[in-house]
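Colleague: I am new to this one. Can we go through it piece by piece?

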Amino acid sequence: MYYNRRTFMKSATALAVLSSFGAYGLELMNSKPLRVGLIGTGWYGKSDLFRLMQVCRINVISLCDVDRRQLSEAADLVQQRQENGRRPRLYTDFRKMLAEKDLDIVLIGTPDHWHTLTALAALESGAHVYLQKPISVDVMEGEALVAAAAYYGKKVQVGTQRRSTPHLTEAKKLIVDSGLLGKISHVDMCCYYHMRANGYPPIQPVPDYFDYEMWTGPAPMRPFDGLPHKRWWRTFMEYGNGLMGDMCIHMLDAVRWMLDLGWPDQIRSTGGIYVQKDGRSNITDTQTAIFEFGELNCVWQHRTWGTAADPEYPWAFILYGEKGTLKASVMQYEFIPVGEGKHIHGKALLEKDKFPEDLKEEGMELHAAPATRLHFVDFLASIDSGTDPVAGIKEGHISSASCILANIAMECGRPLRYDPERKLVRSDPEATRLLARDYRDPWVHPSYKDYL
């Protein structure tokens, strides 16, 4: 159920906001509604928008999607939830939407190959941006986005919401920050989900409600073999960076946040399609990457086949310290001391009772909802205060680019050392050329130099 302003303060939702976000949450709910737009109205775009609605009074002014059917369905849902009951303006071209220059915040939930260009246009329009990870599909896109956010003076919160996940913030405080691990000199990170789509769907006509030319945008044009939504596009390197850019970024970003790490000194990676050789998918089914930070190696492993090394932690990170080990995932954490000592265990906060509407949402990730709500509260606080959000654009760029560099290291067959000041791979002209992808005409690759 959704409430107008007069009934809100007496509602169960008000109590939920107060208990979850404190006085600042109620301040957000009593403030003037923010004008919000969403680019990319698929599964996660809508999920982000509905979580924002739960923590702040907003008017959803506009929605944009190249799939007119998906766009209309999203507009129906938004109208039902809008405080003012209005149907948003609908666009199939983000440039026309942003030309109105009437939005305080733009949410971006497009496929990865569109993240940077839409975010740059949103910043130029005068909006703050909530951008799904990764921030880019190549390193130089990310450099342009970092420069643009500073140039326009706007805040960008990246959707690496592990930094706002309640049980992980608890683990950071209780175990890492308190020194229970001692010196940490090794980290394992992994994903063993069988999430690599595959097969040979037939080449077919493009539906009249779907603009495939615009959906493809700057990426290479593939023959149309069905709507690419949600899972299918993720299986192609043309649109992203495989599980490195999809899943490793979350765990690497969480580790960097936990341990206060910056850029890796060196990145190396090996992998390929070792098992799932049938089908059109061209992302790796097996890959290992090592991110080297001084006397600390952070090792990533993914397999989209077989069994998980630990069924309790199929997508996780493990911090190995001289005094103990911290195992953590989106669902739980566990501290295992060396020798005698207290084991500590925590579980994900779900908030099913506080926000019962979560239970009715299609494709809802209940474990992610509280983290996303807190991520938005942090984002809004950063806009109010002028400080950087917890997952600001610079942090999002380091995590995104590091995963992209791992793929480049695998392609080149050698370790890479990226220089963020000179924006090149040290002593490696070939790898440096791979920092920017070729764009399909008429789209033009952005440059950080445009915002100096």
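Colleague: Where does Glu351 lie?
Modeller: Phi of Glu351 is near 55°, a positive value in a residue other than glycine. Helices (H or I, at least four residues) and strands (E, at least two) are DSSP runs, numbered from the N terminus. In those terms, Glu351 sits in the loop between β14 and α11.

Colleague: Is Glu351 buried or exposed?
Modeller: The terms have cut-offs: under 20% relative accessible area is buried, over 50% is exposed, and partly exposed is in between (1.4 Å probe, protein chains only). Glu351 has a relative accessible area of 10%, so Glu351 counts as buried.

Colleague: What pLDDT do local features need here?
Modeller: Residues are numbered from 1 along each chain as its sequence is written, and side-chain values use heavy atoms, with hydrogens and water left out. This is a predicted model: totals for chains, interfaces and linings use all residues, side-chain atom pairs count only at pLDDT 80 or more, and local features need pLDDT of at least 70.

Colleague: Lys230 also has a positive phi. What is the relative accessible area of Lys230?
Modeller: Phi of Lys230 is near 60°. Lys230 is found in the loop between α9 (212-216) and α10. Lys230 is partly exposed, because its relative accessible area is 38%.

Colleague: Which strands stand at the edges of the open sheet of eight strands?
Modeller: Two strands pair if DSSP finds at least two bridges between them. The order is β8-β9-β10-β7-β11-β12-β13-β14, with mixed pairing. Each edge strand has a single partner, so one side of each is left without a neighbour in the sheet: these are β8 (266-272) and β14 (344-347).

Colleague: How many bridges pair β7 with β11?
Modeller: Parallel neighbours come on one side: six bridges join β7 to strand β10 (residues 296-303). There, Cys190 has Gln301 as its bridge partner. With β11, Cys191 has Trp315 as its bridge partner. Strand β7 (residues 184-191) and strand β11 (residues 315-321) are antiparallel, and their bridges number seven.

Colleague: In β12, what is the bridge partner of Phe317?
Modeller: β11 and strand β12 (residues 324-329) run antiparallel, joined by five bridges. In β12, Phe317 is partnered by Ala328.

Colleague: At what angle does helix α12 run to β8?
Modeller: Axes are lines fitted to C-alpha atoms, for helices over the stretch in contact, and angles run from 0 to 180 degrees between N-to-C directions. Contact means heavy atoms within 4.5 Å. Helix α12 (residues 393-412) lies across β8 and β9, and its angle to β8 is about 60°.

Colleague: What does Thr286 touch, leaving out residues up to four places away in sequence?
Modeller: Thr286 is found in strand β9 (residues 286-293). Thr286 is buried, because its relative accessible area is 9%. Thr286 touches Gly271, Gly272, Tyr274, Gln301, His302, Arg303 and Trp305.

Colleague: What is the average twist from one strand to the next in the open sheet of six strands?
Modeller: The pairing is parallel, in the order β3-β2-β1-β4-β5-β6. The edge strands are β3 (89-91) and β6 (156-158). From one strand to the next, the twist averages 20°.

Colleague: How far apart are the axes of α3 and α11?
Modeller: Asp48, Arg51 and Leu52 are among the α3 residues in this contact, and Phe376 is one of those in α11. Helix α3 (residues 43-55) packs on α11 at an angle of about 65°, and the axes are apart by 9 Å.

Colleague: How many residues apart in sequence are the parts that the pair of Tyr151 and Tyr451 ties together?
Modeller: Rings of Phe, Tyr and Trp (its six-membered ring) pair if their centres lie within 6.5 Å; planes under 30 degrees apart are stacked, over 60 edge-to-face, the rest tilted. By this rule there are 17 aromatic pairs. Tyr151 and Tyr451 are edge-to-face, at 6.0 Å centre to centre and 65° between the planes. Tyr151 lies in helix α7 (residues 139-152) and Tyr451 in the segment after α13 (429-433), so the separation in sequence is 300 residues.
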